Amino acid sequence: MSFLILADKSFNNEFSKEFDNIFNDKINILKNSLNCSLKYIENNNTEKIDDYLNNIYKESENYDNIIYIPCNMPLFNIDETIKLTKIHEENISYFSYGENYPAGIIPFIIRRNAFEKLFNIIKTKDIKVSENAINNIVFVDPNFFEIEILISEHDMRYYRLSLFADSKRNAILIDKLINYKNYSEMVKAIEDNPSIRRTLPSFIEIDINNRQNVMNKFLLKNEAIKNELSKEEKNITIEEFKIIYDKIYSFCNDFSMSIGSYYEPLLNKDIFDILDYSTQNKNVNIYLETNALLLDSDKAKKLLSMQNERDNLHVIIHLDTIEEEVYKNIYDNGDIKTIISNIDYYLLREPKNTYLQIVKQKDNFDYLASYYKYFDKYKNIDIIMQKYYTYRGIIEDNRVGDMAPLINVGCWHLARDLFIDSYGDVYICRFDINKERKIASIYEESLDNIWKSLEDYFVDNACKRLDFCKNCDEWYLYNF
């Protein structure tokens, strides 16, 4: 069997270029170790999947097998890759890949005569061009292929790491691991030092006001929430929002932002200016979270227009039931009929990037079927099933079951999230509803210092020594 290493430069970017010299040295060592050929390729058109496949197929002519390694994969491991080639060769496989490795550690190998099947699959499936495109095509129907797997002795799935140099966040992580030549030593470092895994915030939650027009009964029993609602109304102005947003963008480069955490964002008169400003950067995804009570026809039309113009504006509508009696059990106020009428008006106009979110809990558990049936008529709308929050055991437990995994590698919220309230204050996390752990004001402190101040909390949590988190069951979930 003849092997060709294809080093694909199609996905090079400002972050991967930092590691070009290291990547090139490693790829040549692999070439010499396998005594095979090496070719650098580049496809300038990464929009069309058939162009992408044709380029690889054409460049690999006269070879039996392709070891495909994108150039934004500087942490690919030479020894593990050689192990995979032996498995591929011994089993005369069509496709071979690694399992239980972090993404970016081991490439895949594909037999060239498997491309006929790949071309057939993409005729009926919408596959996006990416470093993993071929892998994604194969797994549309893996029964079409003879697949072999190299399973890592270290199960790294729990750490959810991506080691492709495709973002500032991942470049920081790669830089922390780049000097580990031995894969087992790298694994040990990841397991023993939680701070390695923490890079930059990827999910920002911000409340742009401190008022709620549909109040959850269980939250309303909390004294801290009552105190907040008794304070003077505070809305983040567009000028204040710009200061906060610009700080975050400068620090993170790309991120997802939820506008509306505890409180209703449509109560802020600057909401559409805020949405307009925040969606101008295409590598930032904005999620407006609303209960839809104020989503009347005028606001709906504005929102629909913005969503049509900007693919990075998403809307999540929070609704936990369509049954009036169940609604009264969950909420202290609001008008279910107005809410459903507003939602119907909005969804009938087929908005892009729109989701319904329902929190599964004891009160609505027996009514989930009717909920799904009602919204089934809106074919392009996905429903997000969210678990019930007890906010670290502070509010009444209304959960249905416990889905927590057995292995705890540290809280993903402390590793990836940043919570900012309507005063610009940063707290340890969004589940600090009693406001026990204020970190800093985002107006007064640099984001770099704020993020560093939060690192010890993550490390203490991962090492099971943070009492603040002992009654929290949110550690295993994250959004982005």
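User: Before we look at Asn43, what does buried mean?
Analyst: Buried means under 20% relative accessible area. Keep in mind that this is a predicted model.

User: OK. Is Asn43 buried or exposed, then?
Analyst: Asn43 has 9% relative accessibility, so Asn43 counts as buried.

User: Where is Asn43 in the chain?
Analyst: Asn43 sits in the loop between strand E2 (37-41) and helix H2 (49-59).

User: And which residues does Asn43 touch?
Analyst: Leaving out residues up to four places away in sequence, Asn43 touches Ser10, Asp51, Tyr52 and Asn55. With Asp51 there is also a polar atom of the Asn43 side chain 3.5 Å from the backbone oxygen of Asp51.

User: You mentioned E2. What is the strand order in its sheet?
Analyst: The order is E2-E1-E3-E5-E4-E6, in an open sheet of 6 strands with mixed pairing. E2 and strand E6 (147-151) are the edge strands, each pairing on one side only. From one strand to the next, the twist averages 25 degrees.

User: How many bridges join E1 to E2?
Analyst: Strand E1 (residues 3-8) is joined to E2 by 5 bridges, and the two run parallel. As one example, Ala7 has Tyr40 in E2 as its bridge partner.

User: Switching to helices. At what angle do H11 and H18 pack?
Analyst: Helix H11 (residues 238-252) and helix H18 (residues 447-462) pack at about 70 degrees, and their axes are 10 Å apart. H11 and H18 are therefore roughly perpendicular to each other.

User: Which residues meet there?
Analyst: Lys247, Ile248 and Phe251 from H11 meet Leu447, Asp448 and Trp451 from H18. The contact of H11 with H18 has 4 nonpolar, no polar and 2 charged residues.

User: What about H12 and H13, how far apart are their axes?
Analyst: The axes of helix H12 (residues 271-278) and helix H13 (residues 297-309) are 11 Å apart, at an angle of about 5 degrees. That makes H12 roughly parallel to H13.

User: Which residues of H12 and H13 meet?
Analyst: On the H12 side they are Phe272, Leu275 and Asp276, which meet Lys299, Lys302, Leu303 and Met306 in H13. By class, the contact of H12 with H13 holds 4 nonpolar, no polar and 3 charged residues.

User: Last one, H6. Which of its residues are buried?
Analyst: In helix H6 (residues 168-177), the buried residues are Arg169, Asn170, Ala171, Leu173, Ile174 and Leu177.

User: What do the buried residues of H6 pack against?
Analyst: The buried residues of H6 pack against helix H7 (183-192), helix H8 (194-197), H11 and strand E8 (255-259).

How values were computed
Residues are numbered from 1 along each chain as its sequence is written. This is a predicted model: local features need pLDDT of at least 70, side-chain atom pairs count only at pLDDT 80 or more; totals for chains, interfaces and linings use all residues. Side-chain values use heavy atoms; hydrogens and water are left out. Helices (H or I, at least four residues) and strands (E, at least two) are DSSP runs, numbered from the N terminus. Buried means under 20% relative accessible area, exposed over 50%, partly exposed in between (1.4 Å probe, protein chains only). A polar contact is a pair of N or O atoms within 3.5 Å; within protein, one must be able to donate a hydrogen and the other to accept it, and residues adjacent in sequence count only if both atoms are side-chain atoms. Contact means heavy atoms within 4.5 Å. Axes are lines fitted to C-alpha atoms, for helices over the stretch in contact, and angles run from 0 to 180 degrees between N-to-C directions. Angles under 35 degrees count as roughly parallel, over 145 as roughly antiparallel, 65 to 115 as roughly perpendicular and the rest as oblique. Ala, Val, Leu, Ile, Met, Phe, Trp, Tyr, Cys and Pro count as nonpolar, Asp, Glu, Lys and Arg as charged, and the others, Gly among them, as polar. Two strands pair if DSSP finds at least two bridges between them.
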